[in-house]
Amino acid sequence: MGAARFSRAPRFRTKLAPAMLQFFARRLIVAILVAATVMVLAFALTRLSGDLAISIAGPNATQADVEIVRKAYGLDKPLSVQFFDWVGRAATGDLGDSYFFKKRVADLIAERMPVTFTLGLTGLVIALVVSLPLGILAAVRENTSLDRGVQLVALIGQAMPSFWLGLLLMITLGLQLGWLPISGTGSWQHYVMPGIVLAFSAIPALTRLTRAGMIQALGSDYIRTARAKGLSRAAILLKHALRNAAIPVVAIAAVQLGFMLGGSIVIEQVFALHGVGFLAWESIGKNDFPVVQAVVLVLAVIYVALTMLADLMNAVLDPRLRGP
Amino acid sequence: MSALLEVEQLEVSFGRTGAVRGAALTVERGETHCLVGESGCGKSVTALAVMNLLARGARRSARRLAFEGQDLTRLSDQGMAHLRGNAMAMIFQEPMTSLNPAYTVGSQMTEVLRRHKKASQRAATDRAADLLARVGITAPGLRLGQFPHQLSGGLRQRVMIAMALMCDPKLLIADEPTTALDVTVQAQILRLLASLQRDLGLGMLLITHDLGIVARVAHRVSVMYAGEVVESAPTTELFANPRHPYTQGLLRCVPVPGRIKRDQPLGSIPGTVPRIEPGFQGCAFRERCDFADATCAKTIPRHAATADHDFLCRLPA
């Protein structure tokens, strides 16, 4: 205990504790294990869908053609060799070549990723902009008709299939009112409708989580203290209550973004957005298994990275996770 | 000059249940006024009603509820918020959960001064460090940067006390501030409160069910039972000459060295506080009272034993 410990300098930020680094080391190991599992599954799924050599060679191929294809693509080697070949190359960033597009899979995914990311982020932003205020409002007016109304809307949102909502929006906003383009990726307006549809899948969970977190926070002793300090209503709600209520919301929002990125396959189809989801759908149809494998792997890695990001943001928001 | 805090005929109800029924008490400037009584008698609700911190759904009314002569019942929410944490501050029973886990001690302390006195962050930080030292916390600079979970219960209660003092309040309401703490820490916090009260000339409304605390720090005591103040007197007068049977029962429950013989059983008051239904009349203690008779079911007069000692009982003064 040196003199510095007794200094009176205002120092309101504490450093990341060693416990925290340990926590992240553990998370990282788990993340690597998850990625490895996903690789096995992605590989196994494509092999389980039938004899790849036959489907690549096509319906009119002879047995000899199939054997040539099998040799050319290395499908005659034992599965374990094929798997570790793929893993070894994937680790260096080489995800193989697409049979159909005749391009490197990594380039193909890199081309399509911006569309999917833009769509996912648009969806997340719309979801947060809608569900945070709704959740706060419902919590502040707990057990009133307004609260029940919000919960009803959340329930309807959860029950609505996204392709159906997408078609409804296309008919109303797109065709009847002509406000927004209904397909393609030409401008930011093209992302509004699919963003809304994607957001709808996240809004119910985020709203309910915000509401529950706010109700819990507002009933807590530290909010009574904040009121006893004479703080403004805004400071009580947004600084003291929301900060604590937001902790689980942030975690779920990051996970939801992962869902949106992976789950935009349907939406990209409906709105003809040529993102990664669209690519996956095309490739499955064409038995372009290096692309399918790679898309599954990339989305899984992003998903794992987002969960780690959620943990990190949790630690930033909740000092108790940073250790003593 | 009017008293610091005047409460007359305070009524608080939750739905059909009356939690406080016509309570009256007065806190003078620079006085420690203890409010005692068993759990559920309305002590905390009285304090929260004064601060206007009652839970939603509670109804409050009072013939008089005034702070420095200012009628609190007519004050807007905004006006009340400007008094709270400023001229009147409150500390609570639960130090473990009363601080926000997401913010540092420093940020929670400084925001009070910044809100009420428009102080700069730097001035507020200096004031916070001074007060932490004043409440007996070593290394205040270190503590300011720490989060509540890094402090023990006793330290957190000291932080709560220091935070309550940020704006130099005239009235400090302390709701069982030592109940959740270890016995040794209880004594420290109590000594601290007593010395702060004396040095800063605070008016203090101290809520407790511990008569040992009362004997040590109170200038005046009000005894609450079932939402009413049944007896109020200066501390020495109350201990020497308790008039209400409930007060007498409470005092019999406290072992006093020298006055109590070995193997003599400690007193206790049989029964529990009754549920008060709307339209209840008479003395709420009569079911548990040795002296009760039929007249106790009628309206009970308030007697004055001396000029500053009154009690609520049909037994004559």
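The model is predicted: local features need pLDDT of at least 70 and side-chain atom pairs count only at pLDDT 80 or more, while totals for chains, interfaces and linings use all residues. Residues are numbered from 1 along each chain as its sequence is written, and chains are lettered from A and ligands numbered from 1 in the order in which they are written.

**Chain A overall**
- Chain A has 13 helices and zero strands; helices (H or I, at least four residues) and strands (E, at least two) are DSSP runs, numbered from the N terminus.
- The C-alpha trace of chain A spans about 85 × 65 × 30 Å along its principal axes.
- Of the 324 residues in chain A, 35% are buried (20 or more other C-beta atoms within 10 Å of the residue's own, with C-beta atoms placed from the backbone; exposed means 12 or fewer, partly exposed in between).
- Among contacts in chain A with a separation of 6 or more, 73% join residues 24 or more positions apart; a contact means C-beta atoms, placed from the backbone, within 7 Å.

**Helix α7 of chain A**
- α7(A) covers residues 162-176 and reaches 20 Å from its first C-alpha to its last, close to the expected 21 Å (1.5 Å times one less than its number of residues).
- A bend of about 25° falls at A:M170, taken as the angle between axes fitted to the seven residues ending there and the seven starting there.
- A:M170 is also one of the buried residues of α7(A), with A:G166 and A:L169; their cover includes α8 (189-218) and α11 (265-270) of chain A.
- Just after α7(A), A:G178 has a positive phi of about 65°.

**Nonpolar core**
- The largest nonpolar core has 162 residues, and A:V295, B:I173 and B:L205 touch the most other members; such a core is a set of buried Ala, Val, Leu, Ile, Met, Phe, Trp, Tyr and Cys residues joined through C-beta atoms within 7 Å.
- α8(A) gives the most to this core, with 15 residues.
- Beyond its neighbours within four places in sequence, A:V295 contacts A:I109, A:V276, A:L279 and A:A280.

**Contact between chains**
- On chain B, 35 residues are in contact with 28 residues of chain A.
- α3(B) gives the most to the side of chain B that touches chain A, with six residues.

Key: Two residues are in contact if their C-beta atoms, placed from the backbone, lie within 7 Å.
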